[in-house]
Amino acid sequence: MRRTIAMGGAFAVTAGFAVTLGAGGASAAPATITWADGGKNFTRTISNVAPAEGEVVTVSTTIAGTDTVNWFEDHRNTCLTYKKDSAKVAGLPVPLASNGAGLLRVAGSWDASTSPTFEFQYVIGANCAREVALNTGIKYGAVASSGRTSPSVRRTW
């Protein structure tokens, strides 16, 4: 029997990043975190964890495993503004299925065995707190056989 696994609520995968905003220009300081869960491997990269106000950061998450991802949500602090039409999956532009306060969702059918990367760009707002961690994270829905569910994963950097 096939079931949809929705990693949501307490099962959200989260990764925070410290944003150090200043009056002057900041140099790009990328950060990457990797983890494994439920037969899947994840790699999440923030292109610049020390951006200045108005700069664009790229947030990407790669999912690798033996499953099909049906939807993917990228969660962010609301002081980060989505850069219109920047959503990509496996390098190809995709439309947003939804754009809510603090989250974006894309929907489709992506084979995790091809290690698709889900990518979004955000503009740093003037209202982003200085010298504090801004939490980001993901939720996704995948199809799995035998009704097995993945345990929760929580990561912060």
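Start by selecting I63, which you will find in strand β5; strands here are DSSP runs of E with at least two residues, numbered from the N terminus. A word on the ground rules: this is a predicted model, in which local features need pLDDT of at least 70 and side-chain atom pairs count only at pLDDT 80 or more, while totals for chains, interfaces and linings use all residues. Residues are numbered from 1 along each chain as its sequence is written, and side-chain values use heavy atoms, with hydrogens and water left out.

Is I63 buried or exposed? I63 is buried, at a relative accessible area of 0%; buried means under 20% relative accessible area, exposed over 50% and partly exposed in between, using a 1.4 Å probe and protein chains only.

Next, show what surrounds I63. Beyond its neighbours within four places in sequence, I63 is in contact with residues including F42, V69, F72, F118 and Y140, where contact means heavy atoms within 4.5 Å. For F118, the C-alpha to C-alpha distance from I63 is 8.3 Å, although the two are 55 residues apart in sequence.

Now widen the selection to the largest nonpolar core, which has 30 residues. Such a core is a set of buried Ala, Val, Leu, Ile, Met, Phe, Trp, Tyr and Cys residues joined through side-chain atoms within 4.5 Å. I63, F72, V106, F118, F120, Y122 and Y140 have the most contacts inside it. Among the strands that each supply at least two residues of this core are β5 (56-64), β6 (68-75), β12 (117-124) and β13 (132-145).

Time for the rings. How many aromatic pairs does a search of the whole structure find? There are 6, counting rings of Phe, Tyr and Trp (its six-membered ring) whose centres lie within 6.5 Å; planes under 30 degrees apart are stacked, over 60 edge-to-face and the rest tilted.

Select F42 and Y140: this pair is tilted, with 5.7 Å between centres and 50 degrees between planes. F42 belongs to strand β4 and Y140 to strand β13, so the pair links distant parts of the chain, 98 residues apart. Both F42 and Y140 are buried.

Then move to F72 and F118, a stacked pair at 4.2 Å centre to centre and 10 degrees between the planes. Because F72 lies in strand β6 and F118 in strand β12, the pair ties together parts 46 residues apart in sequence.

Notes: Helices (H or I, at least four residues) and strands (E, at least two) are DSSP runs, numbered from the N terminus.
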